[in-house]
Amino acid sequence: AQLAQASAPLLLRGERGMRPELFARLLAAPSAPFLSGAELLAEPPSELLAKATGGILFFPDLARLARGEQRSLEFLLTRAEKHKVRLVSFSPLDVKSLAEKHDFDPDLGARLSELTLRLPALREFAEDVPDLASLMLAQMVEARACPQRRLSIASLNALRHHVWPGNLTELEGVVKDLALSSLDEEVQLDD
(Lines give C-alpha, C1' and ligand atoms only; values in the text may rest on other atoms or scores of the structure.)
Protein backbone atom coordinates (compact mmCIF):
# COMPACT_ATOMS: atom_id res chain seq x y z
CA ALA A 1 0.00 0.00 0.00
CA GLN A 2 2.84 2.41 0.82
CA LEU A 3 4.51 1.76 -2.55
CA ALA A 4 1.26 2.51 -4.37
CA GLN A 5 0.99 5.87 -2.55
CA ALA A 6 4.57 6.96 -3.33
CA SER A 7 5.30 9.06 -6.40
CA ALA A 8 9.02 8.24 -6.65
CA PRO A 9 10.23 6.05 -9.52
CA LEU A 10 10.13 2.35 -8.69
CA LEU A 11 12.44 -0.36 -9.99
CA LEU A 12 11.06 -3.89 -9.83
CA ARG A 13 13.85 -6.47 -9.67
CA GLY A 14 13.60 -10.20 -10.18
CA GLU A 15 14.13 -13.11 -12.48
CA ARG A 16 12.78 -13.13 -16.01
CA GLY A 17 9.37 -14.69 -16.38
CA MET A 18 7.93 -13.00 -13.28
CA ARG A 19 5.45 -10.93 -15.31
CA PRO A 20 6.46 -7.66 -13.64
CA GLU A 21 3.70 -5.81 -15.48
CA LEU A 22 1.16 -7.56 -13.24
CA PHE A 23 2.91 -6.19 -10.16
CA ALA A 24 3.20 -2.72 -11.71
CA ARG A 25 -0.52 -2.70 -12.51
CA LEU A 26 -1.29 -3.28 -8.84
CA LEU A 27 0.23 0.14 -8.11
CA ALA A 28 -2.19 2.00 -10.38
CA ALA A 29 -5.50 3.34 -9.14
CA PRO A 30 -8.45 1.48 -10.73
CA SER A 31 -9.31 4.18 -13.29
CA ALA A 32 -5.79 5.58 -13.76
CA PRO A 33 -3.97 5.23 -17.08
CA PHE A 34 -1.40 2.44 -17.35
CA LEU A 35 0.90 2.54 -20.37
CA SER A 36 3.51 -0.15 -20.92
CA GLY A 37 6.37 -0.87 -23.28
CA ALA A 38 9.71 0.46 -24.48
CA GLU A 39 8.02 1.49 -27.76
CA LEU A 40 6.39 4.32 -25.78
CA LEU A 41 9.77 6.06 -25.84
CA ALA A 42 9.32 6.71 -29.58
CA GLU A 43 6.27 8.90 -28.89
CA PRO A 44 6.61 12.66 -28.36
CA PRO A 45 7.21 13.07 -24.59
CA SER A 46 4.57 15.76 -24.09
CA GLU A 47 1.89 13.57 -25.71
CA LEU A 48 2.97 10.53 -23.74
CA LEU A 49 2.91 12.40 -20.43
CA ALA A 50 -0.52 13.85 -21.28
CA LYS A 51 -1.88 10.34 -21.96
CA ALA A 52 -0.39 9.00 -18.72
CA THR A 53 -1.35 11.91 -16.43
CA GLY A 54 -2.35 10.56 -13.03
CA GLY A 55 -1.16 7.07 -13.91
CA ILE A 56 1.84 4.87 -14.56
CA LEU A 57 4.36 4.48 -17.35
CA PHE A 58 5.88 1.00 -17.16
CA PHE A 59 9.10 -0.03 -18.90
CA PRO A 60 9.43 -3.84 -18.87
CA ASP A 61 13.19 -4.38 -19.26
CA LEU A 62 15.77 -1.66 -18.76
CA ALA A 63 18.54 -3.97 -20.00
CA ARG A 64 17.07 -3.82 -23.52
CA LEU A 65 16.98 -0.03 -23.83
CA ALA A 66 19.41 1.56 -26.29
CA ARG A 67 21.17 4.83 -25.40
CA GLY A 68 18.64 6.93 -27.34
CA GLU A 69 15.77 5.29 -25.48
CA GLN A 70 17.58 5.92 -22.21
CA ARG A 71 17.83 9.63 -23.06
CA SER A 72 14.08 9.71 -23.79
CA LEU A 73 13.38 7.95 -20.50
CA GLU A 74 15.58 10.46 -18.66
CA PHE A 75 13.64 13.32 -20.30
CA LEU A 76 10.34 11.76 -19.16
CA LEU A 77 11.71 11.26 -15.67
CA THR A 78 12.47 14.97 -15.29
CA ARG A 79 8.88 15.90 -16.21
CA ALA A 80 6.91 12.98 -14.74
CA GLU A 81 6.23 14.49 -11.33
CA LYS A 82 4.84 17.69 -12.87
CA HIS A 83 2.30 15.57 -14.80
CA LYS A 84 1.60 13.28 -11.81
CA VAL A 85 3.00 10.31 -13.74
CA ARG A 86 4.85 7.53 -11.95
CA LEU A 87 7.64 5.70 -13.73
CA VAL A 88 7.90 2.01 -12.91
CA SER A 89 10.48 -0.21 -14.56
CA PHE A 90 11.80 -3.76 -14.35
CA SER A 91 15.26 -5.23 -14.57
CA PRO A 92 16.59 -8.69 -13.85
CA LEU A 93 19.92 -6.97 -13.05
CA ASP A 94 20.98 -4.48 -10.41
CA VAL A 95 21.88 -0.95 -11.53
CA LYS A 96 25.63 -1.58 -11.37
CA SER A 97 25.33 -4.68 -13.61
CA LEU A 98 23.06 -2.79 -16.01
CA ALA A 99 25.76 -0.14 -16.42
CA GLU A 100 28.59 -2.65 -16.78
CA LYS A 101 26.93 -5.25 -19.02
CA HIS A 102 24.35 -3.24 -20.99
CA ASP A 103 25.84 0.25 -21.33
CA PHE A 104 23.05 1.66 -19.17
CA ASP A 105 23.52 5.20 -17.85
CA PRO A 106 24.42 4.72 -14.16
CA ASP A 107 22.93 8.10 -13.14
CA LEU A 108 19.64 7.24 -14.81
CA GLY A 109 19.73 3.83 -13.16
CA ALA A 110 20.22 5.43 -9.76
CA ARG A 111 17.27 7.78 -10.31
CA LEU A 112 14.99 4.98 -11.56
CA SER A 113 15.88 2.81 -8.56
CA GLU A 114 15.05 5.43 -5.94
CA LEU A 115 12.66 2.78 -4.64
CA THR A 116 13.38 -0.86 -5.42
CA LEU A 117 11.14 -3.87 -4.87
CA ARG A 118 12.44 -7.41 -5.26
CA LEU A 119 9.92 -9.76 -6.86
CA PRO A 120 10.34 -13.26 -5.43
CA ALA A 121 10.79 -16.16 -7.82
CA LEU A 122 7.82 -18.51 -8.08
CA ARG A 123 9.77 -21.29 -6.32
CA GLU A 124 9.99 -19.03 -3.25
CA PHE A 125 6.23 -19.18 -2.75
CA ALA A 126 5.55 -22.71 -3.94
CA GLU A 127 2.64 -23.09 -1.50
CA ASP A 128 0.73 -20.53 -3.61
CA VAL A 129 1.29 -22.30 -6.95
CA PRO A 130 -1.90 -24.42 -6.74
CA ASP A 131 -4.03 -21.31 -6.11
CA LEU A 132 -2.30 -19.41 -8.92
CA ALA A 133 -2.73 -22.32 -11.33
CA SER A 134 -6.41 -22.70 -10.39
CA LEU A 135 -6.95 -18.96 -10.88
CA MET A 136 -5.22 -19.03 -14.28
CA LEU A 137 -7.36 -21.97 -15.35
CA ALA A 138 -10.56 -20.31 -14.10
CA GLN A 139 -9.69 -17.17 -16.08
CA MET A 140 -9.18 -19.26 -19.22
CA VAL A 141 -12.54 -20.99 -18.73
CA GLU A 142 -14.25 -17.65 -18.04
CA ALA A 143 -12.72 -16.16 -21.19
CA ARG A 144 -13.89 -19.25 -23.10
CA ALA A 145 -10.33 -19.99 -24.14
CA CYS A 146 -10.87 -23.64 -23.15
CA PRO A 147 -13.70 -25.95 -22.12
CA GLN A 148 -14.72 -26.30 -18.46
CA ARG A 149 -11.70 -27.66 -16.57
CA ARG A 150 -10.44 -28.09 -13.02
CA LEU A 151 -7.15 -29.39 -11.68
CA SER A 152 -7.13 -32.59 -9.61
CA ILE A 153 -5.47 -32.59 -6.19
CA ALA A 154 -2.65 -34.79 -7.53
CA SER A 155 -1.97 -32.40 -10.41
CA LEU A 156 -2.04 -29.40 -8.04
CA ASN A 157 0.49 -31.13 -5.78
CA ALA A 158 2.74 -31.87 -8.75
CA LEU A 159 2.59 -28.19 -9.76
CA ARG A 160 3.46 -27.16 -6.19
CA HIS A 161 6.59 -29.32 -6.19
CA HIS A 162 7.93 -28.23 -9.58
CA VAL A 163 10.92 -25.82 -9.46
CA TRP A 164 9.55 -23.32 -12.08
CA PRO A 165 12.74 -21.90 -13.61
CA GLY A 166 10.54 -19.90 -16.03
CA ASN A 167 8.46 -18.50 -13.16
CA LEU A 168 4.91 -17.24 -13.86
CA THR A 169 5.40 -17.35 -17.62
CA GLU A 170 6.21 -21.07 -17.45
CA LEU A 171 3.28 -21.77 -15.09
CA GLU A 172 0.89 -19.99 -17.46
CA GLY A 173 2.18 -22.06 -20.36
CA VAL A 174 1.77 -25.33 -18.45
CA VAL A 175 -1.76 -24.44 -17.31
CA LYS A 176 -2.74 -23.45 -20.84
CA ASP A 177 -1.28 -26.67 -22.26
CA LEU A 178 -3.11 -28.79 -19.66
CA ALA A 179 -6.39 -26.97 -20.23
CA LEU A 180 -6.26 -27.46 -23.98
CA SER A 181 -4.86 -30.99 -24.10
CA SER A 182 -6.80 -32.72 -21.35
CA LEU A 183 -9.63 -34.93 -22.55
CA ASP A 184 -11.56 -34.81 -19.28
CA GLU A 185 -13.05 -32.00 -17.23
CA GLU A 186 -10.67 -32.80 -14.38
CA VAL A 187 -7.01 -32.50 -15.33
CA GLN A 188 -5.16 -35.50 -13.91
CA LEU A 189 -1.54 -35.97 -12.93
CA ASP A 190 -0.75 -38.00 -16.05
CA ASP A 191 -2.11 -35.25 -18.34
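Glutamine 70 touches Leu65, His102, Asp103, Phe104, Asp105 and Leu108, leaving aside residues up to four places away in sequence, where contact means heavy atoms within 4.5 Å. The model is predicted, so local features need pLDDT of at least 70 and side-chain atom pairs count only at pLDDT 80 or more, while totals for chains, interfaces and linings use all residues. Residues are numbered from 1 along each chain as its sequence is written, and side-chain values use heavy atoms, with hydrogens and water left out.

Glutamine 70 is buried, with a relative accessible area of 3%; buried means under 20% (1.4 Å probe, protein chains only).

The elements named in this report are DSSP runs, numbered from the N terminus: helices (H or I) of at least four residues and strands (E) of at least two.

| Element | Residues | Residue placed there |
|---|---|---|
| helix α4 | residues 67–80 | glutamine 70 |
| strand β2 | residues 34–36 | phenylalanine 34 |
| strand β3 | residues 56–59 | phenylalanine 58 |

Phenylalanine 34 and phenylalanine 58 form an aromatic pair that is stacked, at 6.2 Å centre to centre and 25° between the planes; rings pair if their centres lie within 6.5 Å, and planes under 30 degrees apart count as stacked. The pair ties together parts that are 24 residues apart in sequence, and both phenylalanine 34 and phenylalanine 58 are buried.

In α7, Val129, Leu132, Ala133, Met136, Leu137 and Met140 meet Leu168, Leu171, Glu172, Val175, Lys176 and Ala179 in α9.

Terms used
Buried means under 20% relative accessible area, exposed over 50%, partly exposed in between (1.4 Å probe, protein chains only). Rings of Phe, Tyr and Trp (its six-membered ring) pair if their centres lie within 6.5 Å; planes under 30 degrees apart count as stacked, over 60 as edge-to-face and the rest as tilted.
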